[in-house]
Amino acid sequence: MTTLPHSFLPRTTLYAAAALLFIPLASFAQTADSQPAAKQQAASAKPVASHDQWLHVRVNNKDSKGEVVRVNVPIELAEKVLPTINKDRLHNGKVHIDDAHMNDVDLHALIDAVRTAKDGEYVTVQSNDQNVRVAKSGGYLFVNVTDKPDKDGVKNEKVEIKVPMKVIDALFSAGKDEIDVVAALHALSSQGDTELVSVKDRENDIRIWIDSKNVSDETVRR
Amino acid sequence: MLLLAKAALTIGGALALATAYTFHEGVISVDVDEARAGGSHVHSWVPATVVPMALQLTPRKHLREAAERAQEFLPTIRALTRGLEKYPNADLVEVMDEDQHVQIRTQNGKLRIDVDAPDEHVHIACPLATLEDVSSSLESNAPGL
């Protein structure tokens, strides 16, 4: 039988213990280190699910300072957060409208009339100052207002609003004197990529749209 | 000699384990630089693991007081942080002009707020999980619950 040196056993035990101690630690550190990178990779590589729609708002100011505002909000997140805000007229994701602010207009009857009406142009106003067009087509309500160019030929304000009828229905689904913002957001999330609002005037370009991208097209990354 | 090696190994191992545990939830960083006379310069770097521990050690009276003040906003903060965990890398708000740049975004599961202006630079990063822990803890200490 081979006689082992006296210190062999404790040394081997020590090395083995050290190895056992550091192997999980090393793998843990590796996991911890690679976690953010892996998460980032997963986040960038993962295709966005169809229900992950984002609401984007972009305001470009054309003055000398050139202010730019970009807001990107996941619609699902907005749906969850809005009901938690109870302030002024906003409660549980619904905005209360006073009769006093309606100027005796029965908004629900008006919406119902638009919903049941066939596609077509409802309002067309052509004046010296501006053209106004309100139309319904392909499940969308369109409102276009275009100011006519002034004496110098400079184009003034141009407003284009395109709202899915489903969203309008959801908006007024709560009750007579309420606007259900959460229901409207939910309806919006089922829409594909849609340009909702575009306002262009001398000072600002404003765009509101939904798509499945989690960043606005021009967002600057550090 | 062998005893010394054993002691060093034990201490080293314990230190390595403690470090790994301390930083596994990430780090809260706050950097504030005000470029004016008497302006503040704050640079702090705290492991996020410390926050739940600190909440456990904070006297209940103070937690209740803080919860009472923030009660109105707690459900919103909680819903926001919980919801944002689904979006670990997203640009939420960006405002910039000629000389200012403000960004609010999530990056690697952290909420980041960056403000760069001629007279001040503010950079704050906090893991979303920590924000949720804090709001949950405050909610559970809110009066009436």
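Ala70(B) belongs to helix 3 of chain B, which spans residues 60-70.

The model as a whole scores ipTM 0.80 and pTM 0.75. For chain B, the mean pLDDT is 89, with 99% of residues reaching 70 or more. For chain A, the mean pLDDT is 77, and 71% of residues reach 70 or more. Within chain A, the element with the lowest mean pLDDT (45) is helix 1 (residues 8-45), whereas strand 2 (residues 68-74) has the highest (95). The pLDDT is below 50 over residues 19-50 of chain A, a stretch that has 19 contacts in the model beyond near neighbours in sequence. Where pLDDT is low, predicted coordinates should not be read in detail.

Chain A contains 5 helices and 11 strands. Of its 222 residues, 12% are buried. Among contacts in chain A with a separation of 6 or more, 49% are between residues 24 or more positions apart.

In chain B, helix 5 (residues 128-141) packs with helix 2 (residues 50-57) at an angle of about 15 degrees, and the two axes are 9 Å apart. Helix 2 and helix 5 of chain B are therefore roughly parallel to each other, and their crossing is right-handed. On the helix 2 side, the contact involves Val51(B), Pro52(B) and Leu55(B); on the helix 5 side, Thr130(B), Asp133(B), Val134(B) and Ser137(B) take part. By class, these residues comprise 4 nonpolar, 2 polar and 1 charged.

Helix 5 of chain B also packs with helix 4 of chain B, at an angle of about 150 degrees and with the axes 9 Å apart. This angle makes helix 4 of chain B roughly antiparallel to helix 5 of chain B, and the crossing of this pair is left-handed. Helix 4 of chain B contributes Leu74(B), Ile77(B), Arg78(B), Thr81(B), Arg82(B) and Leu84(B) to the contact, while helix 5 of chain B contributes Leu128(B), Leu131(B), Glu132(B), Ser135(B), Ser136(B), Leu138(B) and Glu139(B). The residues of this contact divide into 6 nonpolar, 3 polar and 4 charged.

The buried residues of helix 4 (residues 74-84) of chain B are Leu74(B), Ala79(B), Leu80(B), Thr81(B) and Leu84(B). Their cover is drawn from both chains, and includes helix 2 (75-81) of chain A as well as helix 3, strand 4 (101-107), strand 5 (110-117) and helix 5 of chain B.

Backbone geometry was also examined. Most residues other than glycine have a negative phi. Asp88(A), although not a glycine, has a positive phi of about 50 degrees. Asp88(A) is located in the loop between helix 2 and strand 3 (90-91) of chain A and counts as exposed, because 8 C-beta neighbours lie inside 10 Å. Asn108(B), also a residue other than glycine, has a positive phi near 50 degrees. Asn108(B) is placed in the loop between strand 4 and strand 5 of chain B, and counts as partly exposed because it has 18 C-beta neighbours inside 10 Å.

Key
Residues are numbered from 1 along each chain as its sequence is written. Chains are lettered from A and ligands numbered from 1 in the order in which they are written. This is a predicted model: local features need pLDDT of at least 70, side-chain atom pairs count only at pLDDT 80 or more; totals for chains, interfaces and linings use all residues. Helices (H or I, at least four residues) and strands (E, at least two) are DSSP runs, numbered from the N terminus. pLDDT is the predictor's confidence in each residue, from 0 to 100. Two residues are in contact if their C-beta atoms, placed from the backbone, lie within 7 Å. Axes are lines fitted to C-alpha atoms, for helices over the stretch in contact, and angles run from 0 to 180 degrees between N-to-C directions. Angles under 35 degrees count as roughly parallel, over 145 as roughly antiparallel, 65 to 115 as roughly perpendicular and the rest as oblique. A crossing is left-handed if the near helix is turned anticlockwise from the far one by less than a right angle, and right-handed if clockwise. Ala, Val, Leu, Ile, Met, Phe, Trp, Tyr, Cys and Pro count as nonpolar, Asp, Glu, Lys and Arg as charged, and the others, Gly among them, as polar. A residue is buried if 20 or more other C-beta atoms lie within 10 Å of its own, exposed if 12 or fewer, and partly exposed in between; C-beta atoms are placed from the backbone.
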